[in-house]
Amino acid sequence: MALSFNTRCTLQIASGALLTLLAACQSGPPLPRTITIQQTWELQVGKQVGNYRISSGLGDITLEMGGDPVQMPFDGKLQPMDDHCLALTSPEVPAYLFRLCGINRPNLGQRSQGHTIGRAERLVFAAFRKEPDGTWALIEPATELIEQFLTE
């Protein structure tokens with residue numbers, strides 16, 4: 001039995017496959033986020049002391065999570081900041097950026113409120129406010145805000 005293909009149908013399948021491949025290529029992992037912090041200290045997250053990496057510093061809050069999930073408090077975008085930390089930004093709070101360190105296997109990209117970001121043994125949390133000169137200043141976050149990252 002010989003197989004026959006309709007040329008129009010074959011072209012539709014080929015063009016659909018090409019569009020799928022193009023979309024997959026364009027939706028790669030989010031680009032790393034870098035920020036200029038207004039305050040500078042010698043010992044900052046990510047720097048080394050001897051052979052050890054600093055995982056928190058002034059302005060950071062470390063929560064003992066014990067492997068519990070960390071949730072999106074609102075719709076937003078998760079980007080890597082370095083090998084160990086994430087940046088969370090949201091149009092709901094455009095003047096703020098949240099740095100989350102210690103999350104295992106994070107779910108990067110656009111996420112909805114309530115979505116699980118990942119799990120953490122120790123979550124190192126920092127909140128930043130954008131200054132008029134474009135730098136970011138560490139601020140003390142409200143307890144209620146931090147709780148939104150922790151409740152399901």
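**β8 and β9.** I started with strand β8 (residues 116-130) and strand β9 (residues 136-139), which run antiparallel and are joined by four bridges. For the record, strands here are DSSP runs of E, at least two residues long, as helices are runs of H or I of at least four, all numbered from the N terminus. Two strands count as paired if DSSP finds at least two bridges between them. Phe128 has Leu138 in β9 as its bridge partner. β8 and β9 make a hairpin with five residues between them, and Gly134 in the turn shows a positive phi of about 90 degrees.

**Ground rules.** I noted that this is a predicted model, where local features need pLDDT of at least 70, side-chain atom pairs count only at pLDDT 80 or more, and totals for chains, interfaces and linings use all residues. Residues are numbered from 1 along each chain as its sequence is written, and side-chain values use heavy atoms, with hydrogens and water left out.

Next I looked at β5 and β6, which pair in the antiparallel sense over four bridges. A hairpin of six residues joins β5 to β6. How many disulfides does a search of the whole structure find? It finds one, counting a pair of cysteine sulfur atoms within 2.5 Å. It joins Cys85 to Cys101, S to S 2.0 Å. Cys85 sits in strand β5 and Cys101 in strand β6, 16 residues apart, so I logged the pair as linking distant parts of the chain. The link is right-handed, with 100 degrees about the S-S bond. Cys85 also stands opposite Cys101 in the strand pairing. Are these two cysteines buried or exposed? Both Cys85 and Cys101 are buried; the cut-offs are under 20% relative accessible area for buried, over 50% for exposed and partly exposed in between, with a 1.4 Å probe and protein chains only.

On β6 I also checked the pairing with β8, which is antiparallel over eight bridges. There Cys101 stands opposite Val124.

**His84.** I then went to His84, in the loop between β4 (76-80) and β5 (85-89). At 43% relative accessibility, His84 counts as partly exposed. Leaving out residues up to four places away in sequence, His84 touches Arg53, Leu100, Cys101 and Gly102, where contact means heavy atoms within 4.5 Å. Gly46 is 38 residues from His84 in sequence but 8.1 Å away in space, C-alpha to C-alpha.

**Pockets.** I ran pockets on a 1 Å grid over the protein atoms alone: a pocket is an open set of points with protein on both sides within 12 Å along at least five of seven lines, and lining residues have an atom within 4 Å of a point. The largest pocket has a volume of about 280 Å³. Its lining has 17 residues, with Ile37, Gln44, Val45, Met81 and Arg99 nearest the centre. The second largest pocket has a volume of about 200 Å³. Which of its 15 lining residues are closest to the centre? They are Asp83, His84, Cys85, Gly102 and Ile103. The largest share of that lining, four residues, comes from β6.

**Arg105.** Last entry: Arg105 lies in the loop between β6 and β7 (109-111). I flagged Arg105 for a positive phi of about 45 degrees although it is not a glycine. Arg105 is exposed, with a relative accessible area of 76%.

Terms used:
On a 1 Å grid over the protein atoms alone, a cavity is a set of points where a 1.4 Å probe fits but cannot get out, and a pocket is an open set with protein on both sides within 12 Å along at least five of seven lines; lining residues have an atom within 4 Å of a point. Grid points are joined across faces, edges and corners, and a volume is the space filled by probe spheres set on the points.
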